[in-house]
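Subject: Structure for your review

Dear colleague,

Please find below the structure that I am handing over to you. I would ask you to look at it first and then to read the notes that follow.

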Amino acid sequence: LEKPSWKSKPNPYLQLYRKAGGGGGWMSIMRTKRFMSSQQCRWNKIKIPIQRLCNGDYSRPILVKCFHDKNDKAPQLIGQCETSLQSLLDESSLKLKNPNKGNKITGSLIFSQTDIIKRHGFLEYVMGGMNIEMMIGIDFTGSNGDPKKP
């Protein structure tokens, strides 16, 4: 990542957005934690449901913005890139460009791992051949008392 000024290192964090339906603006999806004074950041694995990330549309635009968090001022944009879930699965890195500096490349995001983990529902297990066994037991002893009296 590029240094925000000659005397300081960035306090970066990522903000993810998805394109709103109907060609509207950008909807915020999530924000990562902030690193303090670091140009070589390694964020932890991020788990986002596909429904939240792109509403199931692998080609829906996703905007990734990297900000420098100033303690006493508004966050400063370091760089941004536009991608999609399909592109994230196909590519291992993205270049961050700053539109305020003539689309100068200000850093890159490298993805060490991108996976889609399918979570199966109950009906998918049943339709896949899962056997369900049921056992019912009825207590006919008098140890519970008269059932007519609560």
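**The largest pocket**

In this predicted model, the largest pocket holds about 1400 Å³ of space. Its lining consists of 33 residues, and those closest to the centre of the pocket are Lys45, Ile46, Phe111, Gln113 and Thr114. The element that gives the most is β6, with 4 residues. Sorted by class, the lining residues are 19 nonpolar, 8 polar and 6 charged.

**The chain as a whole**

The protein chain has 3 helices and 6 strands, and their order along the sequence is β-β-α-β-β-α-β-β-α.

Along the principal axes, the C-alpha atoms fill a box of roughly 85 × 35 × 30 Å. Of the 150 residues, 27% count as buried. Among the contacts with a separation of 6 or more, 46% are between residues 24 or more positions apart.

**The hairpin of β1 and β2**

Strand β1 (residues 12-19) and strand β2 (residues 26-31) run antiparallel and are joined by 5 bridges. Lys19 stands opposite Trp26 of β2. There are 6 residues between the two strands of this hairpin, and Gly22 has a positive phi near 80° there.

**Two asparagines with positive phi**

Which value does phi take in Asn55? Phi of Asn55 is near 60°, which is positive although the residue is not a glycine. Asn55 is found in the loop between α1 and β3 (62-68). Buried means under 20% relative accessible area and exposed means over 50%, so Asn55, at 36% relative accessibility, counts as partly exposed.

Asn103 is also not a glycine and has a positive phi of about 60°. The place of Asn103 is the loop between β5 (93-98) and β6. Because its relative accessibility is 49%, Asn103 counts as partly exposed.

Yours sincerely,
A colleague

Conventions:
Residues numbered from 1 in each chain as written. Predicted model: local features only at pLDDT ≥ 70, side-chain atom pairs only at ≥ 80, totals over all residues. Heavy atoms only, no water. Pairing = 2+ DSSP bridges. 1 Å grid on protein atoms, 1.4 Å probe; cavity = no way out; pocket = protein on both sides within 12 Å on 5 of 7 lines; lining within 4 Å. Points joined across faces, edges and corners; volume = space filled by probe spheres on them. Nonpolar A, V, L, I, M, F, W, Y, C, P; charged D, E, K, R; others polar. Buried < 20%, exposed > 50% of the residue type's maximum accessible area, 1.4 Å probe, protein only. Contact = heavy atoms within 4.5 Å.
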